[in-house]
Amino acid sequence: MSDFVIPTPPVASIPVAGGGAFPVRRVYCIGRNYAAHAVEMGHDPDRESPFFFQKNPDNLDSSGSFPYPDQSDDVHHEIELLVALKSGGTNIKVEDALDHVWGYAPALDMTRRDLQGVAKKMGRPWEIGKAFERSAPVGPLQSVADVGHLDTGRVALKINGEVRQEGDMNQMIWKVPEMISYLSDFFELAAGDVIMSGTPSGVGPVARGDEMLVSIAGLNDLSVKVV
Ligand code: MN
């Protein structure tokens with residue numbers, strides 16, 4: 001018995017390859033973390049301070065389908081490596097940061113680009129373009145014990161068999177340990193937090209019926225159908 005006055009909401013989670021599930025507390029996303037993508041979005045790729053936004057834990061979706069959302073006519077794909085933390089803290093040093101990583105997963109930061117564009121123009125927050133229902137398709141997590149740490153290797157998104165986005169994890173402006181360290185200066189990180197590590201160039205629109213195939217070197221592929 002509990003003192004909750006309504007039924008408790010389900011715990012958001014990501015399935016783990018081979019069985020089990022990883023419970024999610026928070027979802028941090030880094031913006032413009034590959035130089036070529038910063039340039040295609042009209043920004044200077046200089047190494048300025050990173051910036052972050054958040055999605056909601058229950059935006060993560062591992063169903064294999066992505067329902068085209070309402071209120072938008074321009075929904076973009078962004079392929080991203082997702083990093084899952086097994087522990088956290090504040091003021092984590094870069095050299096200690098990887099000790100907090102439980103595993104990695106292929107993911108998509110689906111974006112209502114038209115609504116994000118309006119928000120940017122008006123100086124408003126991005127949630128309406130970024131943190132909508134099922135906006136973060138994600139594949140099963142694979143543990144560090146199984147796949148090690150990922151810092152180099154091809155990242156590619158195919159749509160209906162055609163390569164649309166391509167890059168290498170070694171092109172990240174802010175590396176995974178640096179992102180964890182930076183975030184921990186501003187937030188108290190904890191077990192269950194996940195970080196979406198940014199997207200390479202080639203973002204573009206999807207349409208109902210599209211088959212998205214997320215390939216990240218070292219991980220199993222993730223296939224997602226736009227419905
Ligand atoms: Mn993104």
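Let me start with a term: a residue is buried under 20% relative accessible area, exposed over 50%, and partly exposed in between, using a 1.4 Å probe and protein chains only. R154, for instance, is partly exposed, with a relative accessible area of 40%. We will come back to R154.

First, the ground rules. This is a predicted model, where local features need pLDDT of at least 70, side-chain atom pairs count only at pLDDT 80 or more, and totals for chains, interfaces and linings use all residues. Residues are numbered from 1 along each chain as its sequence is written, and side-chain values use heavy atoms, with hydrogens and water left out.

Now the strands. Helices (H or I, at least four residues) and strands (E, at least two) are DSSP runs, numbered from the N terminus. Two strands pair if DSSP finds at least two bridges between them.

Take strand β13, residues 154-159. What does β13 pair with? Strand β14, residues 162-168, is one partner; the two run antiparallel, joined by six bridges. Within that pairing, A156 faces E166 of β14. Two residues sit between the strands of this hairpin, and N160 there has a positive phi near 50 degrees. Strand β17, residues 211-216, also pairs with β13, again antiparallel, over five bridges. There, L157 stands opposite V214. One general point: side chains in a regular strand alternate between the two faces of the sheet.

Next, salt bridges. The term means a side-chain nitrogen of Lys or Arg within 4 Å of a carboxyl oxygen of Asp or Glu. How many salt bridges does the structure hold? Nine.

Back to R154. Its side chain meets that of E166 in a salt bridge, 2.7 Å from N to O. R154 belongs to β13 and E166 to β14, so this pair ties together parts 12 residues apart in sequence. E166 is partly exposed, at 43% relative accessible area.

Now a longer reach. R25 forms a salt bridge with D193, with the closest N and O atoms 2.8 Å apart. The pair links distant parts of the chain, 168 residues apart. R25 is in the loop between β2 (21-23) and β3 (27-30), while D193 is in the loop between α5 (176-186) and β15 (194-196). Is D193 buried or exposed? Its relative accessibility is 0%, so D193 counts as buried. R25 is partly exposed, at 34%.

A further example is R134 with D61, a salt bridge of 2.6 Å, N to O. R134 lies in the loop between α3 (127-130) and β11 (136-137), and D61 in strand β5 (residues 60-61), so the pair connects parts 73 residues apart in sequence. R134 is partly exposed at 29%. D61 is buried at 10%.

Some salt bridges share partners. They join K55, E78, D109, R113 and K130 into one network.
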